[in-house]
2 protein chains.
Amino acid sequence: MEAPLRQSQTHRAYEELRRRILDVELPPGAQYLEQELAEMLSMSRTPVREALIRLADEGMVEVRPRRGMRVLPVSGDDMREIYEILTCLEATAAERVAMRGVTPEELNALGDAVHEMEAALEADDLRRWARSDERFHFLLVELSGNARLRSLVGTFWDQAHRARIVTLTLRPKPVTSNRDHAAVVDAIARGDAETARRIHHEHRAKAGELLVGLLSKHHLTQV
Amino acid sequence: MEAPLRQSQTHRAYEELRRRILDVELPPGAQYLEQELAEMLSMSRTPVREALIRLADEGMVEVRPRRGMRVLPVSGDDMREIYEILTCLEATAAERVAMRGVTPEELNALGDAVHEMEAALEADDLRRWARSDERFHFLLVELSGNARLRSLVGTFWDQAHRARIVTLTLRPKPVTSNRDHAAVVDAIARGDAETARRIHHEHRAKAGELLVGLLSKHHLTQV
DNA sequence: GAGCCAACCAACGTATACGTTATTGTACAC
DNA sequence: GTGTACAATAACGTATACGTTGGTTGGCTC
C-alpha cells in the first residue's frame, strides 16, 4: 500500500486541515469536496471523512451532503457565545489553581508568561504578545487540574483564533491585559481563589466585549 | 445494497450506541471490536467507525487500536471534573437567562418543571423527579441563548448520567434541590442575574460534592 | 422571458477488499 | 520454570468500488 506512517492518515488529515483553517489557508466560507481535500492531502476520502467528523464536532467546519465541507465563518454572535464560555471556564480555572496552590516552578512559569507579554508589548511586537498571552491562558487551564476544562478551552480558543488575529492590530495596546494577568498571578500566589476568579472573569469578559465591539465597528460581521 | 434509510447509518450507529451506553446495555469498561458492533447494529464497519469518532470526542468511549472500543468508566475524579464544568456553565446560563429576561411562557415552563419535581418528590417517584430535574436544567441552558453552551451541558450531563442514576436511591431526598430551583426561577423572574447565578452555582457545586461523596462512600470508584 | 420538468451526473454513504501490524501462543534454549 | 524468538492470526487503517440521490442543466410550456 504505502510506507508505514508513524501517525495515521486520519490524524494527519485532522492536524493539517485544522492548521490550514487556523492559518486562513482555507478561508472562512470556503467549500471543498471530500475528493478535493483528499487530493490536496494525497490520501483517499476515508481519512478525510474521519477528520471532518472531528472538525465538525469542534465547530471548525460544517459538512453538508453534496456541497462538501464548508469552513465555518465566525460571526459577532458566535464570538459572544465563545467568550461567554471562555470567560466562565477560565475564571473557574483561575479559581481552582489558586485553591490548589502552585509549586514555585509553576508560579515562575506563570510569571514568565506575564513578563514575556510585557516585554513584547514594550517592543511593540504584537505577534509575540499574542503568543505569550496564549501561553499564559493555556498554562492557567493546564494547572487547573481539570483535563476536560483544558481541552474545552483549547477548542473554543481555536474557534476564536481568526477573530483575535484580525483584531490584534485594531485594538488598543493591551496594557490592561498585562495588568490583569499580573493581578491573577498575584492572587494565585496568595492563594486568594475568589480574587483570582473575579479578576480573570472580568478580564475575559472585557476581552470578549472588546473583540465583539471591534468586529462590529469595522464591519467584520464574519471572520 | 439496502433499503434507503431516511437517516444515515452513521447517525443511527451514533444514536444507538449512545443510547446503549447510557442505558448500561453496554456497561462501563466493556470492550467491543468494530466488527462486533457492526454485526450488533447490522451494518458495516464504516458507519460504526464514524460514530465511534464522535463518541470518543464526547468522552463516552475510548478507541484503542487492536483492542476495540471501550466504554469509558467514570471515576470520582472524572465526576469532580464534570461537575466543575457543569457548575460554571450552568451558573452562567442562569445568569444570562435572568439578564435577558424571559417571556411569561418561558417562565411558566421553568415553573412547571419545578412543580413537576415537587410533585414527583411528594409521590416518592425518584425516576420522575430525575426526569423533571433534567428538564429544568435543559430548559435553563436552552433559554440562555447560547447554543454552544447548551450543547456542552448536554455532553457533560451525558457523561455523568450513570453516576446520577446509581446515586439516585442512595442520596437523601432532594428537597433542597427543589428549593434551589424555585429560588433560581424566582431570581430569573425578578431579573436578578447575580442571585440567579450565585444560587445555581451553589446548587450545582453542592450536587457535585454530594455525588462524589456518595460514590466514594459506597466504594463506587468506577461507574 | 420566467417557471417547471426530466434526465443526467457528480458527490456522497456505505460496503468491501486488502496490506500492515500488534498480539497471542508455541516451541525452544537456557 | 522462565524468557525469547518466531509464526500465525486477527483487527485495524486505508483504498476502492458501487448504488443512491440531490443538484443542475437544458429544454419545453405558457
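**A close look at one loop**

Tutor: Arg66(B) lies in the loop that joins strand S2 (61-64) to strand S3 (68-71) of chain B; helices (H or I, at least four residues) and strands (E, at least two) are DSSP runs, numbered from the N terminus. The model is predicted, so local features need pLDDT of at least 70 and side-chain atom pairs count only at pLDDT 80 or more, whereas totals for chains, interfaces and linings use all residues. Residues are numbered from 1 along each chain as its sequence is written, while chains are lettered from A and ligands numbered from 1 in the order in which they are written.

The phi angle of Arg66(B) is near 75 degrees, a positive value in a residue other than glycine. Most residues other than glycine have a negative phi. Arg66(B) is exposed, with 5 other C-beta atoms within 10 Å. A residue is exposed if 12 or fewer other C-beta atoms, placed from the backbone, lie within 10 Å of its own, buried if there are 20 or more, and partly exposed in between.

A positive phi, near 55 degrees, also occurs at Ser42(A), again a residue other than glycine. Ser42(A) sits in the loop between helix H2 (34-40) and H3 of chain A, and with 9 other C-beta atoms within 10 Å it is exposed.

In chain A, 3 strands form an open, antiparallel sheet in the order S1-S3-S2; two strands pair if DSSP finds at least two bridges between them. Strand S1 (31-32) and strand S2 (61-64) of chain A are the edges, and because each has a single partner strand, one side of each is left without a neighbour in the sheet. S1(A) pairs with strand S3 (residues 68-71) of chain A in the antiparallel sense over 2 bridges, and Arg70(A) in S3(A) is the bridge partner of Gln31(A). Helix H3 (residues 45-57) of chain A packs on this sheet, touching S2 and S3 of chain A. The direction of H3(A) makes about 125 degrees with that of S2(A), where axes are lines fitted to C-alpha atoms, for helices over the stretch in contact, and angles run from 0 to 180 degrees between N-to-C directions.

A rotation of 180 degrees with 0.0 Å of shift along its axis superposes chain A on chain B, with an RMSD of 0.0 Å; that is the relation of a two-fold axis. The superposition is by least squares on the C-alpha atoms of residues with pLDDT of at least 70 in both copies.

As a whole, chain A has 10 helices and 3 strands. Buried residues make up 37% of its 223 residues, and the C-alpha trace of chain A spans about 55 × 45 × 30 Å along its principal axes.

Note on methods
Two residues are in contact if their C-beta atoms, placed from the backbone, lie within 7 Å.
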